[in-house]
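Keep the structure open while you read.

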Amino acid sequence: MLDSLRKAAGTWIAKLLLLLLVLSFAVWGISGQIAGGPSSTVVTAGETTVSALDYRLAYDRQLSVLSQRFGSRITREQAIALGVDAQVLAQLVAGAVLDEQAREMGLGLSQDRLALLTAEDPAFRGPDGTFDRRQFEFVLQQIGMRPEDYIRNREQVAIRQQIVEAVSDGMSVPDTFLKAVALYQGEDRTVDMIVLPPALVEPIEDPSDDVLAAWFEDNKIRYEAPEYRKLTYVKLEPEDIADPRAIADDQVRQDYETNIASYTTPERRTIEQVVFANTEAAQIALDRIRGGATFEETVAAEGKSMLDVQLGTLEKSRVADPAVAEAAFGLAENEISGIVEGAFGPVILRVTEIEEEKVQPFEEVADKIRMELALAEAGDVLFDVHDGYEDARASGATMAEAAEKLGLKMVTVEAIDRTGRTPDGTVVNDLPQSRDMLREAFETEAGVENPPLSLGASGFVFYEVDTITPRRERSLDEVRDEVVADWRAAERDDRLSTRAKELEKRIADGASLDEIAGELALEKQTKRGLRRGAEDADFGAAGVAAVYGVAPGGVGTVAAPTGDAQILFKVVEVFEPAGASAESVPPENRENFRTGLADDLLDQLVTKLRDEYGVTVNQAAIQQALSF
């Protein structure tokens with residue numbers, strides 16, 4: 001997780017960093033402790049200074065943004081590892097030099113413009129979508145910010161933005177650059193290739209004891225026994241305390257009768273209908289049927305197929321037209337109706353199949369109903385049982401004693417590691433709330449009574465760590481078979497890679513792939529249409545990168561995606577994309593390039609201003625700011 005956080009924390013572009021505090025102030029507050037902190041100077045740029053309080057506010061804001069992004073609060077230790085303090089300092093220095101530049105240039109903001117910017121802030125909009133003074137005062141009160149502080153900071157950001165926009169807005173990317181990008185991204189290559197199998201270097205003999213011992217020493221960490229913990233837990237959900245035997249027979253019967261619809265499959269009918277343009281046409285068709293014509297002949301006479309008149313097999317409540325439903329469910333099987341005035345005109349109906357209503361007998365569903373009633377009653381007393389367990393533990397009972405008193409089952413897992421595996425490698429699949437329990441169990445100590453974990457809205461799990469088996473190094477004798485297998489696999493890969501490099505050199509010296517393929521009794525294959533950055537099934541992403549890592553006509557080797565072979569290849573054709581131009585670069589990519597150029601220019605400006613104003617940083621004040 002730390003690597004992910006570090007990567008994400010380094011992706012802020014310069015323009016966003018320079019806006020600093022106000023634009024997202026509503027996601028964090030100013031505690032009384034911070035507001036009352038020291039006021040020593042952290043950064044000085046010309047006549048512009050940044051106080052320790054401002055540093056701490058920016059620091060807390062950065063932590064809040066990262067915490068919201070990753071869904072968990074970033075700890076101080078993680079912040080140090082991420083370098084958040086240095087990031088915040090860079091932001092404040094950038095803001096300070098821009099403020100000093102604005103001061104020297106005499107930049108300012110009219111009161112009308114400042115009022116408009118404040119009114120446009122969505123945080124201050126009322127129910128009607130417009131600025132609401134009471135909402136403005138309420139939001140600022142909630143985060144502990146005075147109106148005058150907000151106005152001052154809003155003005156500061158707007159003035160900085162004038163410089164930012166003057167430097168970066170309107171930046172465009174040259175068409176020549178974009179065409180080069182289109183050519184680069186659109187290129188595809190054809191390669192000839194030979195897949196070199198492990199059989200070229202196999203069999204791999206057993207290593208000598210000295211070789212194996214040396215290899216084990218170099219890779220000992222791979223074979224360490226992880227830390228194991230013995231866990232004991234008690235799960236409390238309705239099914240854990242439900243007692244179907246306590247449900248009386250008359251309760252079950254009453255529930256069955258009350259909910260009889262749930263056990264009833266209503267009558268369904270397969271209905272066909274012919275819709276006519278008017279009543280006269282329907283009457284003619286009906287007279288023809290009464291004179292001996294079949295329903296199928298009537299359908300054909302209307303220029304329709306039998307598929308056109310299928311309404312479906314439906315229960316009465318699912319027939320959209322009430323008149324049709326009433327008529328259809330009054331017919332016998334294969335009976336043809338008279339004229340029915342339907343919602344879309346007169347119709348004649350036929351019912352071809354009737355599925356009778358079915359009611360599940362009480363005896364078939366009695367056990368299910370009994371269990372459902374027991375679970376419902378268990379849900380009603382779940383929190384009482386929870387409190388009873390907590391009371392028992394508070395009075396000195398052990399987990400086993402508390403569980404026995406309340407009729408709960410205690411489960412013991414003799415040894416489990418952080419990944420949920422036992423020492424023999426078996427994954428414990430039935431551990432309740434396993435992800436949270438393992439995380440918490442490896443953060444606590446043995447013999448500690450821990451707060452229960454919530455099982456969603458359905459219950460709780462109480463757990464304890466009984467014993468801890470520390471992480472340890474395994475001896476070679478303990479894992480000899482595994483080490484030998486791993487050594488063979490590594491040796492095979494090394495030898496195959498060496499063989500592939502030898503063959504690559506032969507081709508570079510003038511041999512052909514056909515010669516090599518013939519000598520090795522292997523097939524030469526041709527792969528077309530390899531595009532830069534693709535995830536090809538035969539080459540994989542690394543293989544495609546290797547293909548584009550050599551010049552046209554070049555030779556290379558790369559491990560196959562399967563991991564058990566080497567690919568020897570030669571680039572035989574290179575195709576430039578037809579019609580490559582600036583316009584062929586997708587709009588979002590063009591905007592990314594434009595933004596990148598603008599940010600680079602802005603970074604250069606900040607660097608120049610830092611040198612010009614002789615920025616000084618008070619590290620002691622920073623440490624003081626982080627301490628309150």
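Helix 11 (residues 209-218) and helix 20 (residues 480-508) cross at roughly 90°, with axes that come within 10 Å. An angle from 65 to 115 degrees counts as roughly perpendicular, so helix 11 and helix 20 are roughly perpendicular to each other. Bear in mind that this is a predicted model. On the helix 11 side, the contact uses D209, V211, L212, W215 and F216. Helix 20 brings R480, V483, V484, D486, W487 and A490 to that contact. Sorted by class, the contact of helix 11 with helix 20 has eight nonpolar residues, three charged ones and no polar ones.

Helix 6 (residues 84-105) packs against helix 9 (residues 147-168) at about 85°, and their axes are 9 Å apart. Helix 6 and helix 9 are therefore roughly perpendicular to each other. From helix 6 the contact takes G95, L98, D99, Q101 and A102, and from helix 9 it takes Q156, I159, R160, I163 and V164.

Now for the strands. Strand 4 (residues 228-236) runs antiparallel to strand 13 (residues 460-469), and nine bridges join them. Strand 12 and strand 13 form a hairpin with five residues between them, and G456 in the turn has a positive phi of about 60°.

Elsewhere, an open sheet of three strands has the order 2-1-17, with antiparallel pairing. Its edge strands are strand 2 (48-51) and strand 17 (616-617), each pairing on one side only. Strand 1 (residues 41-45) is joined to strand 17 by two bridges, and V43 stands opposite V617 in strand 17.

The strand pairs with their bridge counts look like this:

| Strand pair | Sense | Bridges | Opposite residues |
|---|---|---|---|
| strand 1 and strand 17 | antiparallel | two | V43 and V617 |

V274 lies in strand 6 (residues 268-275). Is V274 buried or exposed? Buried means under 20% relative accessible area, and V274 has 1%, so it is buried. Leaving out residues up to four places away in sequence, V274 touches F295, V299, E302, V309, P346, V347 and I348. The C-alpha atoms of V274 and D308 are separated by 8.5 Å, although the two residues are 34 apart along the chain.

Finally, zoom out. The protein's secondary structure comes to 24 helices and 17 strands. Its C-alpha trace spans about 105 × 85 × 70 Å along the principal axes. The radius of gyration is 38 Å, whereas a compact globule of 628 residues would have one near 25 Å. Buried residues make up 40% of the 628. Among contacts with a separation of 6 or more, 72% are between residues 24 or more positions apart.

Key: Residues are numbered from 1 along each chain as its sequence is written. This is a predicted model: local features need pLDDT of at least 70, side-chain atom pairs count only at pLDDT 80 or more; totals for chains, interfaces and linings use all residues. Side-chain values use heavy atoms; hydrogens and water are left out. Axes are lines fitted to C-alpha atoms, for helices over the stretch in contact, and angles run from 0 to 180 degrees between N-to-C directions. Helices (H or I, at least four residues) and strands (E, at least two) are DSSP runs, numbered from the N terminus. Angles under 35 degrees count as roughly parallel, over 145 as roughly antiparallel, 65 to 115 as roughly perpendicular and the rest as oblique. Contact means heavy atoms within 4.5 Å. Two strands pair if DSSP finds at least two bridges between them. Buried means under 20% relative accessible area, exposed over 50%, partly exposed in between (1.4 Å probe, protein chains only). The radius of gyration is taken over C-alpha atoms; the globule rule is 2.2 Å times the number of residues to the power 0.38. Ala, Val, Leu, Ile, Met, Phe, Trp, Tyr, Cys and Pro count as nonpolar, Asp, Glu, Lys and Arg as charged, and the others, Gly among them, as polar.
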